[in-house]
Amino acid sequence: MTLDLSSLTAPQVRDAIAAKEITAAEAVAAAYARIERVEGGVHAFNQLTPELANAAAARIDAMVAAGEELPPLAGVPVAFKDNMNLIGTRTTCSSKILANYESVYDCTAVRRMLDAGAVPVGKCNMDEFAFGSSTENSAFGVTHNPWDLDRVPGGSSGGSAAAVSAGMAVLTLGSDTGGSIRQPGALTGTVAMKPTYGRVSRYGIVAFASSLDQIGPFSKTVEECAMALNVICGKDPMDATSVERPAEDFTATLGEGVRGLRVGVVTDLLELEGCDPAVRAQVLKAADTFASLGAEVGEAQLPATQYGLPAYYIIGPAEASSNLARFDGIRYGYRVPDAEDVMDLYMRSRAEGFGPESIRRIMLGTYALSAGYYDAYYGQAQKVRTLIIRDFARAFADYDVLLTPTSPTTAFKIGEKATDPVAMYLSDVYTIPVNLAGIPAVSIPCGLVDGLPVGLQLMGAHFAESTLLRAAAAFEAESAFDMTPPIARTTAAV
Amino acid sequence: MAISEEQVRHVAMLARLKLTDAHVTTLQHELSDILTQIELISSLDLEGVEPTSHAVAITNVAREDEIRPGLSQHDALRNAPEQQDGAFLIPKFGG
């Protein structure tokens with residue numbers, strides 16, 4: 001087997017299958033061969049699904065044999081964050097409380113990927129219930145960054161990011177509540193997008209914060225990101241917050257360039273104390289690249305976003321504490337074997353089933369919603385959300401795209417922030433305002449610092465995904481970074 | 001802002017979490033640290049600012065009230081920790 005998936009994009013895999021150069025079965029075999037070689041060091045997966053993958057590949061190969069036209073992701077090996085339901089898999093959210101939970105229905109976004117011909121190779125590790133920025137908060141072990149196995153891949157969708165980075169899947173899906181797609185995208189050198197709130201159905205994803213959660217893709221290239229969006233976006237009767245929009249082909253305008261596009265560098269965010277100067281320098285260099293490509297580059301400010309982090313750490317946990325009330329040991333999930341009565345069953349099943357960060361967030365959210373504190377915290381945070389939305393509206397009157405770093409630093413060491421929740425929360429300072437405002441944003445690679453990827457965040461107005469992806473594609477073509485991590489380049493076992 | 005041990009125990013009860021004494025102490029410190037970071041929110045003067053609960057404007061979504069297939073009893077019970085006669089089995093209520 002010489003097929004190397006890490007060098008192939010989704011359309012290349014599909015076209016090679018359509019041209020009968022390779023079979024879907026060979027694409028699957030290549031994915032598992034890579035997994036066999038690097039997964040031991042990376043641990044991107046909670047579960048591998050070879051039976052589902054082989055069955056899906058056989059269907060594609062039968063279509064090829066019958067001369068049928070192939071769907072857009074035919075034979076493309078994909079993987080899903082382990083908070084997305086898929087019949088035939090467990091959906092664990094990397095939590096002990098759901099360790100044995102068998103999916104009884106399919107997540108809409110997952111189903112759309114599979115209906116588009118994608119082949120599911122596994123379910124990806126994550127921070128428990130998506131609470132975290134490092135994929136260290138998993139009941140099933142830490143995911144390692146393919147660029148440096150001593151470092152975190154970011155989180156919470158760290159497994160999905162690492163799987164694409166290390167060439168174990170061509171595309172993956174993650175979920176983003178405060179940066180959980182974009183920040184691991186930045187730390188692993190992948191293209192990682194959070195669409196506009198409502199673009200993608202949330203049906204079948206285990207809810208964290210329902211007013212913030214959104215599903216999106218990881219890929220190696222902007223074109224693949226656009227292709228994945230084409231597949232997963234759209235109204236779903238099963239999610240009342242999904243938005244009815246005219247169908248768009250996000251790949252159609254990728255080649256149109258950025259001449260005349262108004263690009264704003266968010267200077268007050270760039271100057272934040274915690275931002276690594278080397279990261280800042282890469283972002284300013286990226287702005288110069290946009291200028292050299294004909295974009296009108298200027299400076300923007302988002303002053304209210306300084307309250308984004310505290311607002312998020314009220315709203316997120318508040319909604320999470322409510323959503324996680326369903327895990328009570330009655331209908332599914334972990335149950336203590338010796339409960340005296342129902343209250344004892346609730347109290348001990350939850351305390352034993354949830355990990356430390358989940359308990360921290362449930363406690364914080366419950367406190368923020370409790371009598372006497374609701375107005376001071378939750379009510380104020382919702383008003384801050386309004387201020388942040390106004391900030392963005394003002395900035396988007398002047399600019400089509402706003403630039404910030406995706407993460408204030410490159411990938412940090414495993415364990416470095418694990419015992420300091422506040423330091424960990426600061427990882428998401430650039431990504432959180434986007435969720436609070438419900439706008440789309442994409443993280444793309446913008447170079448390396450000390451051998452580690454830096455992410456550039458492009459933010460746009462509601463439903464401006466096409467503009468963001470066009471800008472991202474122009475930057476990608478001009479910069480032509482090689483974002484293959486060392487582990488995916490070597491042929492030796494790791 | 002500091003949160004008291006008593007408050008931690010009260011919130012844990014509201015959240016249905018049986019915490020050990022050691023865990024209460026740890027959480028008291030951690031939550032106090034986190035609240036210190038977020039408490040500036042409560043001191044902002046936001047009089048007259050409308051709260052946002054949902055960032056993208058949508059209206060209520062209604063559909064025809066027609067019978068459609070849902071989760072089968074078999075699937076609904078598939079992950080039940082304990083079941084009996086097609087129902088979830090639980091211990092007694094009350095102590």
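Start by selecting A:D239 and A:R202, which are both buried (buried means under 20% relative accessible area, exposed over 50%, partly exposed in between, with a 1.4 Å probe and protein chains only). This is a predicted model, in which local features need pLDDT of at least 70 and side-chain atom pairs count only at pLDDT 80 or more, while totals for chains, interfaces and linings use all residues. Residues are numbered from 1 along each chain as its sequence is written, chains are lettered from A and ligands numbered from 1 in the order in which they are written, and side-chain values use heavy atoms, with hydrogens and water left out.

**Salt bridges in chain A**

Stay with that pair: A:D239 and A:R202 form a salt bridge, with 3.7 Å between the closest N and O atoms (a salt bridge is a side-chain nitrogen of Lys or Arg within 4 Å of a carboxyl oxygen of Asp or Glu). The two partners come from distant parts of the chain, 37 residues apart: A:D239 is in the loop between helix 7 (222-232) and strand 7 (262-266) of chain A, and A:R202 is in the loop between strand 5 (191-194) and strand 6 (214-219) of chain A. Helices (H or I, at least four residues) and strands (E, at least two) are DSSP runs, numbered from the N terminus.

Next, select A:R348 and A:D338, whose side chains meet in a salt bridge at 3.2 Å, N to O. A:R348 is in helix 11 (residues 342-353) of chain A and A:D338 is in the loop between helix 10 (308-323) and helix 11 of chain A, so this pair ties together parts 10 residues apart in sequence. A:R348 counts as buried because its relative accessibility is 17%.

Now move to A:D391 and A:R394, a salt bridge with 2.9 Å between the closest N and O atoms. Both belong to helix 13 (residues 375-398) of chain A and sit 3 residues apart, about one turn of the helix. An α-helix has 3.6 residues a turn, so residues three or four places apart point the same way.

Over all chains, the structure holds 21 salt bridges.

**Helix 7 of chain A**

Select residues 222-232 of chain A. Here 9 of the 11 residues of helix 7 are buried, so this helix is largely enclosed by the rest of the structure. Among the buried ones are A:V222, A:E224 and A:C225. Step on to A:G234, which follows helix 7 and has a positive phi, near 135°.

**Where chains A and B meet**

Show both chains together and select A:R335 and B:E82, whose side chains form a salt bridge (2.8 Å, N to O).

For the whole contact, select 65 residues from chain A and 55 residues from chain B (contact means heavy atoms within 4.5 Å). About 5200 Å² is buried between the two chains, with 72% of it given by carbon and sulfur atoms; buried area is the accessible area (1.4 Å probe) that two parts lose on being put together, summed over both.

**Each chain on its own**

Chain A has 17 helices and 11 strands, and its C-alpha trace spans about 65 × 55 × 45 Å along the principal axes. Of its 494 residues, 67% count as buried.

Chain B has 4 helices and 2 strands, running α-α-α-α-β-β from the N terminus on. Its C-alpha atoms fill a box of roughly 50 × 45 × 20 Å, taken along the principal axes. How much of chain B is buried? Buried residues make up 27% of its 95 residues.
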